[in-house]
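Subject: Structure for you to look at

Hello,

Here is the structure I promised. Please open it alongside the notes below.

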Amino acid sequence: MHGPTILKVVGALLVIVGVAQLIPCATSFLYGDSDWIQFLESGLAAMAVGAALVAVTWRARELSIRDGFVVVTVAWITACIASAIP
């Protein structure tokens with residue numbers, strides 16, 4: 001297994017999840033709800049962690065089939081945890 005390659009893909013996913021959390025943040029803000037702050041903080045945190053993972057592992061190699069299985073498993077778990085934070 002190639003750990004840096006796996007972390008690079010999971011980091012990119014975290015950036016996407018963080019951007020996706022900005023949609024309910026904007027909706028909550030437009031409706032005058034006070035929960036937009038939690039969505040903004042968790043979205044920015046997910047984007048920061050994801051960008052850091054991608055920056056640290058930017059020279060990672062290609063994925064093998066075995067790495068692909070690990071990426072899918074780790075990505076689902078990471079996406080669920082990052083989405084449950086708000």
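The chain has four helices and zero strands, where helices (H or I, at least four residues) and strands (E, at least two) are DSSP runs numbered from the N terminus. The order from the N terminus is α-α-α-α. This is a predicted model, in which local features need pLDDT of at least 70 and side-chain atom pairs count only at pLDDT 80 or more, while totals for chains, interfaces and linings use all residues. Residues are numbered from 1 along each chain as its sequence is written, and side-chain values use heavy atoms, with hydrogens and water left out.

Overall dimensions next. The C-alpha atoms fill a box of roughly 45 × 20 × 15 Å along the principal axes. Of the 86 residues, 26% are buried (under 20% relative accessible area, 1.4 Å probe, protein chains only). Take the contacts (heavy atoms within 4.5 Å) between residues at least 6 apart in sequence: 83% of them join residues at least 24 apart.

Now H1 and H4. They pack at an angle of about 30°, with axes 9 Å apart; axes are lines fitted to C-alpha atoms over the stretch in contact, and angles run from 0 to 180 degrees between N-to-C directions. H1 is therefore roughly parallel to H4 (under 35 degrees). H1 passes H4 in a right-handed crossing (the near helix is turned clockwise from the far one by less than a right angle). Residues on the H1 side include Ile 6, Val 9 and Val 10, and those on the H4 side include Asp 67, Val 70 and Val 71. The contact divides into twelve nonpolar, two polar and one charged (Ala, Val, Leu, Ile, Met, Phe, Trp, Tyr, Cys and Pro are nonpolar; Asp, Glu, Lys and Arg charged; the others polar).

The largest nonpolar core has five residues: Leu 14, Val 17, Ala 46, Ala 79 and Ala 82. A core here is a set of buried Ala, Val, Leu, Ile, Met, Phe, Trp, Tyr and Cys residues joined through side-chain atoms within 4.5 Å.

Last, H2 (residues 22-30) and H3 (residues 36-56). Their axes come within 8 Å and cross at roughly 160°. H2 is therefore roughly antiparallel to H3 (over 145 degrees). Leu 22, Pro 24, Cys 25, Ser 28 and Phe 29 in H2 meet Trp 36, Phe 39, Leu 40 and Met 47 in H3. Eight of these residues are nonpolar, one is polar and none is charged.

Best wishes

Technical notes
Angles under 35 degrees count as roughly parallel, over 145 as roughly antiparallel, 65 to 115 as roughly perpendicular and the rest as oblique. Buried means under 20% relative accessible area, exposed over 50%, partly exposed in between (1.4 Å probe, protein chains only).
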